[in-house]
Amino acid sequence: MATQDGSEEVIMETEAEAKPKEAEPLVEDAETTSHTDAGNATTQDSSISNGDDAEDKEMVDLKIIWNKNKYDLKIPVDSTGAKLKESIHSLTGLPPAMQKVMYKGLLPEDKTLREIKITNGAKIMVVGSTINDVLAVNTPKEVIQQEVKAEENKKEPLCRQKQHRKVLDKGKPDDIMTAIKGTKERLPTVPLSGMFNKSGGKVRLTFKLEQDQLWIGTKERTEKVPMGSIKNVVSEPIEGHEDYHMMAFQLGPTEASQYWVYWVPAQFVDAIKDTVLGKWQYF
C-alpha cells in the first residue's frame, strides 16, 4: 500500500506539474503573435514610407513671384492649375479667385503642370491684390465696359467707320502672323508682329509677364504700359477677314485714349484680353 500510495502521489504530482507546463506555450504563442503583429505593423509603415518616396519623384520645384516677393514651392507635377492656386494661397494669403497666374501666358486651371510642361525651377508670375483693392480699382473698369458696350450697340460696325477704313483699305500686311478662325490659343512666346496701328505704321505687341507690362513697339519707339493701367480691351472681327480682329487698348479714362491695332490673329484675342485684364477683374 505504501508503494502504491507513493506511486499515486508521484502520479498526482506529475499531473499537477504538467498542467502549468501546458500553459507556458500559450504565453509563448501570445508573445509570438505580438511579435508577428509588430512585424506586420513595421512592414506597413515601411510601405507607407516607400509610397511617399515615390511621390517625391513626381514633385516639381517652382519659384513663385508675387508683389516683388519670391516664394519656393514644391508641388506634385500632376497638380492642376486650380490646385497650384490653392498652394499659392497658402504661401501668400492671396485668394485663388483674386489670382492671375502666368506661365507663358495665363495658366489654365483645368490642365496639369505636366501638361503645361512646367519643369523644375520654373518661374510662376502671380498678379493680384486684396479684395478691397481689386474692388476699388475694378469698379470703374466695369462701368467703363458697360458704357463702351452701350455705345457699340448704337454705332455701325467699327470696321466700317471712316477712321478705321483708311487703315483696313490698305489690305492685309504681307508679314502678318497666320490666323486661325474659331480656335483659342495661349499667347505665343514671341511678340505678335506685322500688324498696323491707327496711323498705318507697323506695330508689335510684347507681353512682359515678369514686369506685368504690355510693350507696344513701333519703328520709332516702344511704349511700356503697365497692364494694371489699361482700363479696357475691345475687339471686333474684320469683315471679309473674320480670322483677324481690330483691337483697342484703352489707356485712359475715355475712348479718346484708345490705342488701335489692326490685323490681330483671332486665335490670340481671348488670351490677350485675359492676360491684360485678367479673369479676376469680374470678381
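Two strands are said to pair if DSSP finds at least two bridges between them. Strands themselves are DSSP runs of E with at least two residues, while helices are runs of H or I with at least four, both numbered from the N terminus. This is a predicted model, in which local features need pLDDT of at least 70, side-chain atom pairs count only at pLDDT 80 or more, and totals for chains, interfaces and linings use all residues. Residues are numbered from 1 along each chain as its sequence is written, and side-chain values use heavy atoms, leaving out hydrogens and water.

Let's start with the sheet. Its 7 strands form an open, antiparallel arrangement in the order β8-β7-β6-β5-β11-β10-β9. β8 (222-226) and β9 (232-238) are at the edges with a single partner strand each, so one side of each has no neighbour in the sheet. Inside the sheet, β10 (residues 241-250) pairs with β11 (residues 258-265) in the antiparallel sense over 7 bridges, and Q250 has Q258 in β11 as its bridge partner.

Now turn to helix α2 (residues 81-92). Which residues of α2 are buried? They are G81, L84, K85, S87, I88 and T92, where buried means under 20% relative accessible area, exposed over 50% and partly exposed in between (1.4 Å probe, protein chains only).

Take S87 in helix α2 as an example. S87 is buried, with a relative accessible area of 16%. Leaving aside neighbours within four places in sequence, S87 is in contact (heavy atoms within 4.5 Å) with L73 and I75.
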